[in-house]
Structure formats: structure tokens, C-alpha cells
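Biologist: Before I use any of these labels, I want to hear what stands behind them. Please take me through them in turn.

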Amino acid sequence: MPNPNRGACGFQSSEFEQEYERPSKSELKRQMNELQKLGEELVAEARDRVKRVPMPEDVRDAILACQLITNHEGRRRQMQFVGKKMRTLDEEEVAVIQRTIDSWKGMSKADTAALHALERRRDKLLADDKALTVLLEENPELDVQHLRTLIRNARKEQAESKPPKAYREIYQILKDIDKKRKAAAKPAGQDEDEDGEPIDDESDDE
């Protein structure tokens, strides 16, 4: 027998079709995790690269700000904020960022190893005074006093959880040294972009 009160409820099953078409909680969580991971990948990249990625300014600012934070808790909170900002992007904006990151991953293993070697040498300069002696022996043109000041300031930055200004400057000096070394070794006439990658100067004949 039909329930006489059924019609009084005022709904039909078709009214819920739109709700069922929405992503499930597990799907939403998966999407959020993917965007969070994408944000973390951007934070881990070089600032110059991040600045060139097509994205809304507020999202880029959040990522660049996170890169400057060394305090663990402060960085964790900023990383959550980056994830929140990433979730404001539309599908096309996310796709552009993903394609850009994928193109970066095409960098050779040798290039990646070289970058890691520079990071290790910078850390060794902060941990061992002898490392500076070796660096100066290899590159006598360097400003000794400036380097000593940078190393001292970088140690202070780490101890006091301050923005790593001197820490980044040391890396840039090491990167410049490496770039000059590569320039001296590369074939004459071959230029490089700011990431140290060769530029093909050949033009198409059309």
C-alpha cells in the first residue's frame, strides 16, 4: 500500500541527481593532495624558475614567501597556505603549471647532480672552515672577507631561524663559479640561458 505521507515530504529522487554528480569525499581529498604536492614541488624549485611560471600573482607570492621561511612550524603553516592558494586555480592553470614542471624534469641527471653538489659544498662551507680554504685555493679571485662575512651571517640565520639571505648568496657565488668553469670548457660560440642550459642559435630557414 502506498505511503500516504510520501508525497508530503516534498521531494523527488531526481532532486538528488546533481548531488550524486559531485566528486566524492575521497576524490576531493585526492585532488587536494595532488595540488598540495604540486605546490610543494614549486616551493622546492629555484626562485628564478618559479617567477617565470604562468600563474596568478597571489599564488606565486605565497610560494616565494614560503621559500624564505626556515622556521619549521612557520614553513609548515605557509606550506598549508600555499596548498590553499593552489586550490583556487582552475584546471587550465593547473595544467600549465604541471606541464612546466614536467619540462623541468627533463633536465639531465648530470645537471641535477651538479646542483646537488653545489648545495653540499655550501653546507660544507658552513660546517667546516677548511672548506673555505680549499675554495679560495681553487678560486683566488674571490673576496675572502666577503665570503667570511656571508658564512658567519648564514650560520646566524640558521641558528636564529631568519630568512636565508646570506645562505642563498653563498649558493649564487658557487653557482657563478661553476658557470664560469663550464663556460671555459664549452665550445666557443655556444651560449647558455640563465639556468646554465645551452641555447640553440640555429634559425629555421623557411
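Modeller: Helix H2 (residues 25–44) and H5 pack at an angle of about 120°, with axes 8 Å apart. This is a predicted model, in which local features need pLDDT of at least 70 and side-chain atom pairs count only at pLDDT 80 or more, while totals for chains, interfaces and linings use all residues. Residues are numbered from 1 along each chain as its sequence is written, and side-chain values use heavy atoms, with hydrogens and water left out.

Biologist: What makes H2 and H5 oblique to each other?

Modeller: Angles under 35 degrees count as roughly parallel, over 145 as roughly antiparallel, 65 to 115 as roughly perpendicular and the rest as oblique. The angle of H2 and H5 is about 120°, so the pair is oblique. The axes are lines fitted to C-alpha atoms over the stretch in contact, and the angle, from 0 to 180 degrees, is taken between N-to-C directions. The crossing of H2 and H5 is right-handed; left-handed would have the near helix turned anticlockwise from the far one by less than a right angle, right-handed clockwise.

Biologist: Which residues make the contact of H2 and H5?

Modeller: Leu35, Gln36, Leu38, Gly39, Glu40, Leu42 and Val43 from H2, with Arg75, Met79, Gln80, Val82, Gly83 and Met86 from H5. Contact means heavy atoms within 4.5 Å. By class, the contact of H2 with H5 has seven nonpolar, four polar and two charged residues. Ala, Val, Leu, Ile, Met, Phe, Trp, Tyr, Cys and Pro count as nonpolar, Asp, Glu, Lys and Arg as charged, and the others, Gly among them, as polar.

Biologist: Why is Gln36 called buried?

Modeller: Buried means under 20% relative accessible area, exposed over 50%, and partly exposed in between, with a 1.4 Å probe and protein chains only. Gln36 has 18%, so it is buried. Its side chain reaches the backbone oxygen of Met79 at 2.9 Å. Leaving out residues up to four places away in sequence, Gln36 touches Met79, Gln80, Gly83 and Arg87.

Biologist: What makes H8 roughly antiparallel to H9?

Modeller: H8 and H9 pack at about 150°, with their axes 12 Å apart. That angle makes H8 roughly antiparallel to H9. H8 passes H9 in a right-handed crossing. Asp129, Leu132, Leu135 and Leu136 of H8 meet Val144, Leu147, Arg148, Ile151 and Arg155 of H9. These residues divide into six nonpolar, no polar and three charged.

Biologist: Why is Thr70 called partly exposed?

Modeller: Thr70 has a relative accessible area of 38%, so it is partly exposed. Thr70 lies in the loop between helix H4 (57–67) and helix H5 (72–86). Leaving aside neighbours within four places in sequence, Thr70 is in contact with Ser161, Lys162 and Pro164. The side chain of Thr70 reaches the backbone oxygen of Lys162 at 3.2 Å. What makes that a polar contact is a pair of N or O atoms within 3.5 Å, where within protein one must be able to donate a hydrogen and the other to accept it, and residues adjacent in sequence count only if both atoms are side-chain atoms. Thr70 and Lys162 are 92 residues apart in sequence and 6.6 Å apart in space, C-alpha to C-alpha.

Biologist: How many helices and strands does the protein have?

Modeller: The protein has ten helices and two strands. Helices (H or I, at least four residues) and strands (E, at least two) are DSSP runs, numbered from the N terminus. Buried residues make up 26% of the 206 residues.
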